[in-house]
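Please look over the chain below together with its coordinates. The briefing that accompanies it moves from the overall fold to single residues.

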Amino acid sequence: MGLDGEMKSWTAVIPVKRPGDAKTRLGGAADPQRPELALAFALDVIAACRETRSVGTVIVVTDDHEVIAQASGVTICPAPAAGGLNLAVREGAASAHGPVVVLAGDLPSLTPAALD
């Protein structure tokens with residue numbers, strides 16, 4: 001239960017690309033800050049979901065070791081070898097119980113209040 005007695009019934013599924021492959025529009029392939037920014041975006045979304053009163057479980061679909069190492073308190077679902085975003089979402093949602101919300105891993109301004 002949440003602090004106000006509300007059941008934490010939602011599962012948040014967040015597919016996260018490898019930061020080196022993500023947010024390519026933010027800089028060239030050799031830009032060392034682009035992967036760091038993509039990782040920070042994903043970790044912000046994960047943190048917001050973990051702090052949301054109505055989210056009881058956070059499932060992160062990824063195969064990136066850095067994301068796995070830094071995303072504490074979540075369930076990791078291995079990213080499918082092929083299939084892209086839709087398959088990643090299906091894989092994550094298949095292991096969920098109850099209602100599911102799917103969020104992009106690049107919503108750095110997401111707050112728990114907005115998600116609730």
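This is a predicted model: local features need pLDDT of at least 70, side-chain atom pairs count only at pLDDT 80 or more; totals for chains, interfaces and linings use all residues.

Residues are numbered from 1 along each chain as its sequence is written, and side-chain values use heavy atoms, with hydrogens and water left out. The protein chain holds four helices and four strands, which are DSSP runs numbered from the N terminus (helices: H or I, at least four residues; strands: E, at least two).

**Overall fold**

- Followed along the sequence, the elements of the protein chain come in the pattern β-α-β-α-β-α-β-α.
- Among contacts in the protein chain with a separation of 6 or more, 65% are between residues 24 or more positions apart, a contact being heavy atoms within 4.5 Å.

**Burial and surface**

- The protein chain has 116 residues, of which 34% count as buried; buried means under 20% relative accessible area, exposed over 50%, and partly exposed in between, with a 1.4 Å probe and protein chains only.

**Strand 1 and its partners**

- Strand 1, which spans residues 10-15, is mostly covered, since five of its six residues are buried.
- Six bridges pair strand 1 with strand 2 in the parallel sense, where pairing requires that DSSP finds at least two bridges between two strands.
- Strand 1 also runs parallel to strand 4 (residues 100-102), to which three bridges join it.
- Val13 has Ile59 as its bridge partner in strand 2, and Val13 also stands opposite Val102 in strand 4.

**The loop residue Thr52**

- Thr52 lies in the loop between helix 1 (33-51) and strand 2 (55-62), and Thr52 is buried, with a relative accessible area of 0%.
- Leaving aside residues up to four places away in sequence, Thr52 touches Lys8, Pro112, Leu115 and Asp116.

**Cysteines**

- Zero disulfides are found in a search of the whole structure, a disulfide being a pair of cysteine sulfur atoms within 2.5 Å.
- Cys49 is buried at a relative accessible area of 0%, and Cys77 counts as buried at 10% relative accessibility.
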